[in-house]
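Open the model in your viewer and keep the selection tool handy. We will go from stop to stop, and at each one you will hear what to pick next.

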Amino acid sequence: LGAREVAAGQTHRVLLGRESIAAAAVASVLARAHGPHRPGGGGLQPDLTVFDREVEFAKEDAGDPNTSGGNVDGGEPIRIKYDIVGHPKSSFQFAVVFPFHPSTPDRPAEVTLIREYIQGANAMGYSLPTGSFDAQKHGSLLDVAKDEMAEEARLEGGAMLPLMKDEAHAGFIESKWCANRFKPFLCVDPSESTSPPARDVEEFSIQIERMGLDELRRVMYGGNMMVPSIIGAQMALDYLEGAGMLAARGVEGG
């Protein structure tokens, strides 16, 4: 609770921001109905929480004649109530990791993807290994990326690199109405794990698929891949191309 002002230069100055956890019964119903929500398609702690956020916008921003319901004549402040979802138990953070297998004399470059049941779509879909931050296990999202690659893709080792240039940035916003943020990572040349950790019960449907880059691009733009994973995959491909680790498209694609 309390007043706050957004940094100068923002379109709106927020004069009042109020946020409270919705009734426990609502969160409980959501958890029972949908099970653990997993941002980006990866393993996450359960308890998808619904927040009520009421925001009052400065009156100079409230007089847009094209805004339905705005007080155009008086220019009075506008208060709007929003529903926000997120995972406070994971500090609203998760990671996605792109496991890249460089080309060899015997095969073109490949990537490992996860195919699993997506409860929101009630269908199978694709993602990169993805999972949430757990303060009891992880010191950073880099640790999350390593753990999820081992748990979901059964891979370990390799060179793990963050793909966001500004490491102090909070991460990509998962969606407009979600408080969760994610950071993408690239792992170059991981190997099969000799003793992979156990998976969570809701991960029973996971299938590991290793594919060439042309097939990856078809999956990315085919409509059945989680959006955070598409972003992570595109950033990884851009990095690899810039580093000279990819041949021309259509030759190295597989």
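Start by selecting Phe92, which at 24% relative accessibility counts as partly exposed (buried means under 20% relative accessible area, exposed over 50%, and partly exposed in between, using a 1.4 Å probe and protein chains only). This is a predicted model, in which local features need pLDDT of at least 70 and side-chain atom pairs count only at pLDDT 80 or more, while totals for chains, interfaces and linings use all residues. Residues are numbered from 1 along each chain as its sequence is written, and side-chain values use heavy atoms, with hydrogens and water left out.

Phe51 is buried, with a relative accessible area of 6%. The ring centres of Phe51 and Phe92 are 5.9 Å apart and the planes meet at 50°, so this pair is tilted. (Rings of Phe, Tyr and Trp, the last by its six-membered ring, pair if their centres lie within 6.5 Å; planes under 30 degrees apart count as stacked, over 60 as edge-to-face and the rest as tilted.) Phe51 sits in strand β2 (residues 49–57) and Phe92 in the loop between β3 (78–86) and β4, so the pair ties together parts 41 residues apart in sequence. Helices (H or I, at least four residues) and strands (E, at least two) are DSSP runs, numbered from the N terminus.

By the ring rule, the count comes to three aromatic pairs. For a cluster, select Phe94, Phe172 and Phe182, which form one together.

Next, colour strand β4, residues 93–101. How many of its nine residues are buried? Eight of them are. Then look at its partners (two strands pair if DSSP finds at least two bridges between them):

- Strand β11 (residues 181–188) pairs with β4 in the parallel sense over eight bridges; find Phe98 opposite Leu186.
- Strand β7 (residues 130–132) runs antiparallel to β4, joined by three bridges; here Val96 has Thr130 as its bridge partner.
- Strand β5 (residues 110–118) pairs with β4 in the antiparallel sense over two bridges; Phe100 stands opposite Val111.

For the last stop, pick His138, in the loop between β7 and α2 (141–153). Is His138 buried or exposed? At 7% relative accessibility, His138 counts as buried. Show its side chain with that of Asp147: a polar contact of 2.9 Å joins them (a pair of N or O atoms within 3.5 Å; within protein, one must be able to donate a hydrogen and the other to accept it, and residues adjacent in sequence count only if both atoms are side-chain atoms). Leaving aside neighbours within four places in sequence, His138 is in contact (heavy atoms within 4.5 Å) with residues including Ser132, Phe133 and Val144.
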